[in-house]
Amino acid sequence: MHTTPHSSPHLRVMSVLGLLAALLLPLGMTFAPGALAAPTADPVRVMPLGDSITGSPGCWRAVLWNRLVSSGYQDIDFVGTLPPQGCGQAHDGDNEGHGGELVTNVADQNLLPGRLASTRPDIVVMHFGTNDVWSSITPDRILAAYTKLVAQMRASNPDMRILVAQLIPMNPGSCAGCAQRVVDFNARIPGWARATGTDRSPITVVDQWTGFSTAADTYDGVHPNASGDDKIAARWFPALSAVLDAGVPQDPGDPGDPGEDPAACTARFRAVSSWQGGYQGEVTVTNTSASAVRGWTATVVPADGARLTQLWNGSLSTAADGTATVRNAAWNGTLAPGASASFGFVATAPATAGTPAATVTCTGAAPAA
C-alpha cells in the first residue's frame, strides 16, 4: 500500500522510542499495546480547482480518486468548499470547480484566499481558463490571473505543489474561434510554468489536450463525457502520484510542524452600531497560548446574508458565500501571551436582517524555534 510521506518529526520520535524499548525490554519492562505507535499523519489534502469541467459534475475526479485508492494511496483527502455532485460511484467529491467561473474573475475578485483558508490544501490540481478562452480574454490576462492565484496559494502554504493542465480541446458550435484559441493559450503554459515555479513550490504542467477528441470525448464540444473523464483522470494520475510519492511537506498551519505550530487564540465579535441595511462591527483576537503569536488569521461568517465591504487594521478577502478571511496587518500580528488586537469593519445587510451577528474564529502561528 502506498503512503504519502510528509516532512515531520514522527520518524525521529519513533527512532528514540524504539531505542528506549530495546534498552528497557531486557529489564523486564513492557509497554501497553500501542504505546509506541507512531502518531497518525494528516492526510494529504488535494484541491481540484477549476470551472464546470472540474465541478459540474466533474466525474473525472471520481475516476481519479478511485484509481488512486485502488493503487494504494489511502492517506489522501480531496478538499474544496463545494460538495460532491453525483457521478454514480463512491468517491471523495469535495472540490473547487465552480461552473461558469472565469479564472480572471477569481483573481480580480480575490475569491481564492477564502477558499484556501477553509480547506488548507497541500496540492492544487487546476484545470482553469476554459470560460476565459471562450470569452476571448487574451492569454496574457489569463496567465496574469494564474500568477496571482499561485501567489495566493503560496501565501496559504509556502510548500504548495501545483499541477496545471493544458486545457482539453474546445469546439462548441457557437464559438468558431475557440478551438484555435485553446491551442494558442496552451502553447503559453509551459513557459509560464518554468518562469513561475520554484524549488519549494514547483509547478507541474499536465498535457490534457493531446489525444483528447471533442467529437468522441465530450457531449457538447466542451464538457467531457465518460470517455473524456477517463482520459482526463489518466493524465492527472501519473503527475499526481509522482508528487505524492515524492512527499508533500505539511503546510505551515499543521500541528506538528517544527517551529510552525498554531498558537491558540480566540476571537470575539461585537456590533458597534447599526442602521437600515448595514452595521459597523469589531472583532478582537486574543492570544490564549503560553507563547507569542507571530501572526493571526480570523474567519468571519456574518449572519442573515450580510457581507463585509470595508475593513481596517487587517487585510480582507471574501469568498463567494460571504465568508470573510481577515489577516493581521504588518504592525498588529505579533501578540504576547494574553495580548489582543482588534479590527473593524462595515457590513451591508438585507433590509430583513435581524440584530447584527457573526460567527468568528481565529488561528495563530507561534514564532519559529
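G281 has a relative accessibility of 1% and therefore counts as buried, a term that here means under 20% relative accessible area, with exposed meaning over 50% and partly exposed in between (1.4 Å probe, protein chains only). The model is a predicted one, in which local features need pLDDT of at least 70 and side-chain atom pairs count only at pLDDT 80 or more, while totals for chains, interfaces and linings use all residues. Residues are numbered from 1 along each chain as its sequence is written, and side-chain values use heavy atoms, with hydrogens and water left out.

**Surroundings of G281**

- G281 belongs to strand β9, residues 278-287, where strands (E, at least two residues) and helices (H or I, at least four) are DSSP runs numbered from the N terminus.
- When neighbours within four places in sequence are set aside, G281 is in contact with F269, R270, A271, V272, F343, G344 and F345, contact meaning heavy atoms within 4.5 Å.
- The C-alpha atoms of G281 and A358 are 9.2 Å apart in space, although 77 residues separate the two in sequence.

**Disulfides**

- The structure contains three disulfides, each defined as a pair of cysteine sulfur atoms within 2.5 Å, and with bonded cysteines counted along the chain they follow the pattern 1-2, 3-4, 5-6.
- C59 is bonded to C87 with an S to S distance of 2.1 Å, and because the torsion about the S-S bond is about -95 degrees, this disulfide is left-handed.
- This pair links distant parts of the chain, 28 residues apart, with C59 in the loop between α2 (52-55) and α3 (60-70) and C87 in the loop between β2 (76-78) and β3 (96-97).
- C59, at 14% relative accessibility, counts as buried, whereas C87 is partly exposed with a relative accessible area of 22%.
- The sulfur atoms of C175 and C178 are 1.9 Å apart in their disulfide, and the link is right-handed, with 85 degrees about the S-S bond.
- C175 is buried at a relative accessible area of 6%, and C178 is buried at 0% relative accessibility.
- C265 and C362 form a disulfide with sulfur atoms 2.2 Å apart; C265 lies in strand β8 (residues 265-275) and C362 in strand β15 (residues 358-365), so the pair ties together parts that are 97 residues apart in sequence.
- Both C265 and C362 are buried.

**Helix α5**

- Helix α5 (residues 112-119) is mostly covered, six of its eight residues being buried, namely L112, P113, G114, R115, L116 and T119.
- These buried residues of α5 pack against β1 (44-50), β3, α4 (103-108), α7 (139-156), β12 (314-318) and β13 (324-328).

**Aromatic rings**

- Eight aromatic pairs are found in a search of the whole structure; rings of Phe, Tyr and Trp (its six-membered ring) pair if their centres lie within 6.5 Å, with planes under 30 degrees apart counted as stacked, over 60 as edge-to-face and the rest as tilted.
- The rings of W60 and W236 have centres 6.0 Å apart and planes at 35 degrees, so this pair is tilted, and it links distant parts of the chain, with W60 in helix α3 and W236 in helix α10 (residues 226-246), 176 residues apart.
- Both W60 and W236 are buried.
- W65 and F78 form an edge-to-face aromatic pair, 5.2 Å centre to centre with 70 degrees between the planes, and both of these residues are buried.
- Y146, F185 and W192 form one aromatic cluster.
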